[in-house]
Amino acid sequence: MFVTRNSRPNIVLLMADDLGVGDLSCYGNHTVRTPNIDRLAREGVRLTQHLAAASVCTPSRAAFLTGRYPVRSGMASAFNLNRGLAWLGGSGGLPTNETTFAKLLQHRGYRTGLIGKWHQGLSCASRNDHCSHPLNHGFDDFYGLPFGLLSDCRASEVPELHRWLRVKLSISTVAVGLVPILLLIPNFTRWFSVPWPVIVTFGLLAFLFLASWYCSYGFVRRWNCIVMRDHAVIQQPMTEGRVPSLLLKEALSFIDRYKHRPFLLFVSFLHVHTPLVTRQKFVGRSKHGRYGDNLEELDWMVGKILQSLDREQLANRTLVYFTSDNGAFLEVQAGGAHLGGWNGVYRGGKGMGGWEGGIRVPGIFRWPTVLEAGKVIDEPTSLMDIYPTLSYVSGGILPQDRVIDGQNLMPLLEGRVHHSNHEFLFHYCGVYLHAVRWHQKDCEYEDGATVWKVHYVTPRFSPEGAGACYGSGTCSCVGDVTSHDPPLLFDISRDPSESRPLSPDNEALFDAVVKRIHAAVRQHRRTLTPVPQQLSVFNTMWKPWLQPCCGTFPFCGCDKEDDIARNA
């Protein structure tokens, strides 16, 4: 059966947070139990070269929603500190002139819902303008976190947001605070007299310095860790232990409410991001500690959603897609224990520019009446491809006034073509182009087309010889990086782990490949146009007048879910 323009399947998109491609049984990990995600793969199509457009959350999700590289929408950063949105009270966010796949499907008569993490900004000029809110980007219903999950959301965890900056600010505050104390010593010892106005002035400066950063960083949990229903804040700060259950309940309720009409449900899980909030019945069940427990709970939640589709007899007319926003976070640790996932044979991880481990993610499609069960495709595909694919299956028309970088995957998924339409894929780290992949379809080996990959820039791992940036906690896009001229070249088709760099000495095509990719980069850059930078220093700063607040600012706090439970 082929898809026609009149086909209107229900669509369920399932996105994990920081899940490594090597974490799932269906991708070769036989030490963890993920039976429900494995079932999706058995009953659908599994992509083995599925790629995020960025190795961190905010730009990757912007590309997923719009089908465009994040540099086109301004959702890429020129700074190492804020590669994603850092505050709900910031003014950056997905621009209103961007058209998401939710808006396309909304115009096609779909009921559209987002349950879970957003992390694409909220307000622009005032607290309640909600210019970047999901409901202003095509979603009819929103229940979840307008920001996302952080270790800061659990009071007992080590802070995650700008941890090293906060350490430096604390040390600086102590140093500044010592000045007025030291100035008191001469007065008390009667060595000489320091005027009291001078002492008071330095004391006031120390207080102002503390207040300038502590009013934001001292209350990260209250400012960023909130739950909203549509435009209303219903938990501030959120009760992190209850939120995953509430999100699942909302997802199942959405399916039940709109089962009689076409719907788009985007479930954006908090799993498996730190602080790895896991219900008690999953604690201690896996072989991989807190991370494994959280992953197995994620699989269970996926199973509950699939059961709901089965129970309502919707499975055969529902396109289900499962993925992650980027690769596993390798540097995250607590008490000496590793809290991130595994990226299989692939080098690098979350935040590491163009290295494969940060951008290669799971990609599973299931549509029982349309797609062949158990099929595996090893062709370069992208999270950006979801946009034109959903437009196609819903009978929509892609916007003609902008560049769409994604490709419709249905011909490939159905087997009508054997190669991906992507010839070049550009791997950015913020606004900086770190790597490029060339899918050379006219140069095939026994298992498929050749895929070349060049790295112009790579992050410096620390300590030296390590496989991640353990010293700094996250890798840099600019500054602490290594530039390569000529670029590093790998044949990803034969060396997916990027462990054997090629050179003119061992690869006769080296110069020709590098030259061809250089030409593609020049052509790509000609398609870029200047746009406002949503992740600029100003836009990512916390602004009290933009901070969402349940109550009277700054005395924000409520738990309306708890009130509902008590009154039920």
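Mentor: What follows describes the pockets first, then a helix that contributes to one of them, and finally the salt bridges.

The model is predicted, so local features need pLDDT of at least 70 and side-chain atom pairs count only at pLDDT 80 or more, while totals for chains, interfaces and linings use all residues. Residues are numbered from 1 along each chain as its sequence is written, and side-chain values use heavy atoms, with hydrogens and water left out.

Rolling a probe the size of a water molecule over the atoms shows where empty space is left. A pocket is an open set of points on a 1 Å grid over the protein atoms alone, where a 1.4 Å probe fits and protein lies on both sides within 12 Å along at least five of seven lines; a lining residue has an atom within 4 Å of a point. Grid points are joined across faces, edges and corners, and the volume is the space filled by probe spheres set on them.

The largest pocket has a volume of about 1200 Å³. Its lining comprises 46 residues, and those nearest its centre are Glu 160, His 162, Phe 329, Gly 473 and Thr 474. Helices (H or I, at least four residues) and strands (E, at least two) are DSSP runs, numbered from the N terminus. Helix H2 (57-66), helix H5 (163-189) and strand E9 (333-334) each supply at least two residues of this lining, and H5 gives the most, with four. By class there are 19 nonpolar, 16 polar and 11 charged residues, where Ala, Val, Leu, Ile, Met, Phe, Trp, Tyr, Cys and Pro count as nonpolar, Asp, Glu, Lys and Arg as charged, and the others, Gly among them, as polar.

The second largest pocket holds about 350 Å³ of space. Of its 18 lining residues, Trp 87, Leu 165, Tyr 217, Met 541 and Trp 542 lie nearest the centre. H5 contributes here too, each of H5, helix H6 (196-217) and helix H14 (537-540) supplying at least two residues, but H6 gives the most, with five. This lining has 12 nonpolar, six polar and no charged residues.

H2, from the lining of the largest pocket, is mostly covered, with 10 of its 10 residues buried. Buried means under 20% relative accessible area, as found with a 1.4 Å probe on protein chains only. Among these buried residues are Cys 57, Arg 61 and Phe 64. Just after H2, Gly 67 takes a positive phi of about 70 degrees.

A salt bridge is a side-chain nitrogen of Lys or Arg within 4 Å of a carboxyl oxygen of Asp or Glu. The whole structure contains 32 of them. In one, the closest N and O atoms of Arg 154 and Glu 240 are 3.8 Å apart. This pair links distant parts of the chain, 86 residues apart, with Arg 154 in the loop between strand E4 (141-145) and H5. Glu 240 is buried, at 15% relative accessible area.

Another salt bridge joins Glu 498 and Lys 453 at 2.9 Å, N to O. Glu 498 lies in the loop between strand E17 (481-491) and helix H13 (510-526) and Lys 453 in strand E16 (residues 448-459), so the pair ties together parts that are 45 residues apart in sequence. Glu 498 is buried at 0%, and Lys 453 is also buried at 0%. Finally, salt bridges that share partners join Arg 154, Glu 157, Arg 221, Glu 240 and Arg 290 into one network.

Definitions and conventions
Buried means under 20% relative accessible area, exposed over 50%, partly exposed in between (1.4 Å probe, protein chains only).
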